[in-house]
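Hi there,

Here is the structure I promised to pass on. Have a look at it first, and then read my notes below.

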Amino acid sequence: MEKVNTPFAAAYLRFLQLAKVIQALPNGMEMDANEKALLQAVVLRWYENQPMTVREAIALADLGSPATLHKRITRLREKEMLSTLNLEGDRRAKFLIPTERTLDYFNNLGQSMQQAHQVVPT
């Protein structure tokens, strides 16, 4: 079997190894690939100072049907990965925001990226 001979491929594969360990949540709390994709989309918008509303999230057609996305949002809220926020004076729009658990999750992934980067020879 041939070994990976490019430092960037090796770094990325190392990142995947580290991320696999970090992405493991307590039993019954695991996220599937679709939940991870939705969480990433929501958190990226939050990071860009444009929090996503529930309505916008369930309109992400490339991630599933509205009913399916609503179920995923509910599961992510049950796993304490997402929370909702209403703006004062407007109770109609619910904004999705990451929880401390989510920020810790992404912080750990970032640390994994840094560790993987350290194996790349300069």
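On the surface, Tyr12, Leu13 and Leu16 make up a nonpolar patch whose accessible area comes to about 290 Å² together. Patches here are built from residues with over 30% relative accessible area and no salt bridge, nonpolar side chains (Val, Leu, Ile, Met, Phe, Trp, Tyr) being joined within 5 Å and like charges within 9 Å. The areas come from the Shrake-Rupley method with a 1.4 Å probe, and for residues only the protein chains shown count as cover. Leu16 sits in helix α1 (residues 7-22); helices (H or I, at least four residues) and strands (E, at least two) are DSSP runs, numbered from the N terminus. With 38% relative accessibility, Leu16 is partly exposed; the scale is buried under 20% relative accessible area, exposed over 50%, and partly exposed in between (1.4 Å probe, protein chains only).

Before going further, please keep in mind that this is a predicted model: local features need pLDDT of at least 70, side-chain atom pairs count only at pLDDT 80 or more, and totals for chains, interfaces and linings use all residues. Residues are numbered from 1 along each chain as its sequence is written, and side-chain values use heavy atoms, with hydrogens and water left out.

Now to the charged pairs. Searching the whole structure turns up three salt bridges, each defined as a side-chain nitrogen of Lys or Arg within 4 Å of a carboxyl oxygen of Asp or Glu.

- Arg75 pairs with Glu35, and their closest N and O atoms are 2.5 Å apart. Arg75 belongs to helix α4 (residues 66-78) and Glu35 to helix α2 (residues 33-47), so this bridge ties together parts 40 residues apart in sequence. Arg75 is partly exposed at 31% relative accessibility, whereas Glu35 is buried at 2%.
- Glu35 also forms a salt bridge with Lys79, with 2.9 Å between the closest N and O atoms. Lys79 lies in the loop between α4 and β1 (82-87) while Glu35 is in helix α2, so the parts tied together are 44 residues apart in sequence. Both Glu35 and Lys79 are buried.
- Glu56 and Arg45 meet through their side chains at 3.2 Å, N to O. This pair links distant parts of the chain, with Glu56 in helix α3 (residues 54-57) and Arg45 in helix α2, 11 residues apart. Glu56 is partly exposed at 34% relative accessibility, and Arg45 is partly exposed at 22%.

Through shared partners, salt bridges join Glu35, Arg75 and Lys79 into one network.

What about aromatic rings? The structure holds one aromatic pair. The ring centres of Tyr105 and Phe106 are 5.2 Å apart and the planes are at 75°, so the pair is edge-to-face. For reference, rings of Phe, Tyr and Trp (its six-membered ring) pair if their centres lie within 6.5 Å, and planes under 30 degrees apart count as stacked, over 60 as edge-to-face and the rest as tilted. Tyr105 is buried at 6% relative accessibility, and Phe106 is partly exposed at 26%.

Thr99 is buried, with 17% relative accessibility. Its side chain reaches the backbone oxygen of Glu80 at 2.5 Å. Leaving aside residues up to four places away in sequence, Thr99 touches Glu80, Met81, Leu82 and Ser83, where contact means heavy atoms within 4.5 Å.

Best wishes

Conventions. A polar contact is a pair of N or O atoms within 3.5 Å; within protein, one must be able to donate a hydrogen and the other to accept it, and residues adjacent in sequence count only if both atoms are side-chain atoms.
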